[in-house]
Amino acid sequence: MTRHVDALLVTLVVFLACAGAEYVRPPPGRVIFTEHTKPASHPQQVHVSVVGVNRMRVSWITEDKHVRSVVEYGKISGNYTASATGDHTSYRYFLYSSGKIHHAKIGPLDRGTVYYYRCGMSGDEFSLRTPPAALPVELAVAGDLGQTEWTASTLSHVGRSDYDILLVPGDLSYADAQQPLWDSFGRFVQKYASRRPWMVTEGNHEVEAAMALPDSPRPFTAYAARWRMPYEESGSPTSLYYSFDAAGGAVHVVMLGSYADFNSSSEQYRWLARDLAGVDRVATPWVVVLLHAPWYNTNAAHEGEGEAMRKAMERLLYDARVDVVFAGHVHAYERFTRVHNNEANPCGPVHITIGDGGNREGLAFDFRKNHKLAPVSVMREASFGHGRLRVVNATAARWTWHRNDDADSTVRDEIWLESLATNGACRQGSDAAANSANDEL
């Protein structure tokens, strides 16, 4: 059951010719507050994530504090041949008290297989599909989601076409310290997040820093408790940054923390250096990075906010021949050519901003035509939508950006990428040749 809550937003409608046809930029959508209408013992806010090679973490919340943190699962609906017992947590945010937050790892699981599962030994049955054991693999990407009418449109478009994992580069619920909105968001996305793994990193709206009072909540309290990611498995000391593998290790995904310390003496920097150094680019031809505040951006919104992190960490990514960097924060879509140190470089990653998932704040329209980075900005558009990276094999991947056109999802940007690990001119340890191939095959 849902009810609409009016958001205090300024309605912006902009007319622009796109591909020869007039397209009306949508205004921000209303926030959708999703309620829980089932018994207190029934699971809600169910979502799954990847853990290690062949396991998944199932996370859910119950209002009943006596429910066990148990997941029953099997390959046939209603026939649960295995079970796993996890742990649970809860937190307080001033006058708010969370429900019982459960996390349980299930597995080992067969890859590319549908499993049926039940949480807490009661309530609804859910199903999930594990990611494939090898390429091809399809990674959907959507940032700055929120829980609005446009978020609903974005997730509907994502769900209509098959994919294996959803990557979210920060800004999930837009609760902004209003803790019931975290609960609403979990219910809002459950239809999708319970079926495919959602791998997320934090944005500025997850910080929720409270006043410096005794016993006041620490930053990221709600985010860390509710959306547990596999940081320990990747050697990270915190859920604010971590990594994982997909498609049997053919793709290595690094989730960085824009709001954790990142200078060269920081733990995140040292962790990233270790993580990237441990990647065998023969076994793992693709490396993808996600973060929230973009390092490359020609929009007036949040201009320069990622610059300090870029200066601190960009060389690590370049030397490791990272293929793609996805960011959010700016509520629009923008793709850059392969770039390093503010210049086109055939051995640098493609930077893509995709903070257009449907947030309540609306779109960022002000792209600067004369921005110093404009020569390396290939495509930019202020519209809601999502992207898809289909890694076909060890050398080729197809990226598409899908704009939300009401009931339809329109492909507005498309590019084929070549893995830098297979590009002879870009082998690790060598500088880019001036005449090397660009980012398109």
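Colleague: What share of the 441 residues in the chain is buried?
Modeller: This is a predicted model, where local features need pLDDT of at least 70, side-chain atom pairs count only at pLDDT 80 or more, and totals for chains, interfaces and linings use all residues. Residues are numbered from 1 along each chain as its sequence is written, and side-chain values use heavy atoms, with hydrogens and water left out. Buried means under 20% relative accessible area, exposed over 50%, partly exposed in between (1.4 Å probe, protein chains only). For the 441 residues, the buried share is 58%.

Colleague: How many helices and strands does the chain have?
Modeller: Both are DSSP runs, numbered from the N terminus: helices are H or I with at least four residues, strands are E with at least two. The count is five helices and 28 strands.

Colleague: Of the contacts with a separation of 6 or more, what percentage joins residues 24 or more positions apart?
Modeller: Contact means heavy atoms within 4.5 Å. For residues 24 or more positions apart, the share is 70%.

Colleague: Which residues have the most contacts inside the largest nonpolar core?
Modeller: A nonpolar core is a set of buried Ala, Val, Leu, Ile, Met, Phe, Trp, Tyr and Cys residues joined through side-chain atoms within 4.5 Å. The largest one has 108 residues. Those with the most contacts inside it are Y117, W198, W227 and W399.

Colleague: What is the volume of the largest pocket?
Modeller: The search uses a 1 Å grid over the protein atoms alone; a pocket is an open set of points where a 1.4 Å probe fits, with protein on both sides within 12 Å along at least five of seven lines. Grid points are joined across faces, edges and corners, and the volume is the space filled by probe spheres set on the points. The value is about 350 Å³.

Colleague: Which of the lining residues are closest to the centre of the largest pocket?
Modeller: Lining residues have an atom within 4 Å of a point. There are 25 of them. The closest to the centre are V50, G52, V53, D245 and A246.

Colleague: Which element gives the largest share of that lining?
Modeller: Elements giving two or more residues are β5 (44–51), β6 (55–62) and β18 (242–246). Domain 1 and domain 2 each supply at least three residues. The largest share, four residues, comes from β18.

Colleague: What is omega for the peptide bond from G107 to P108?
Modeller: P108 sits in the loop between β12 (100–106) and β13 (114–119). The bond is cis, with omega near 10°.

Colleague: What is omega for the bond that joins L135 and P136?
Modeller: P136 is in the loop between β14 (125–129) and β15 (137–141). This peptide bond is cis, and omega is about 5°.

Colleague: What is phi of M121?
Modeller: M121 is in the loop between β13 and β14. At 40% relative accessibility, M121 counts as partly exposed. Its phi is positive in a residue other than glycine, near 65°.

Note on methods. Domain bounds come from an automatic or database domain assignment.
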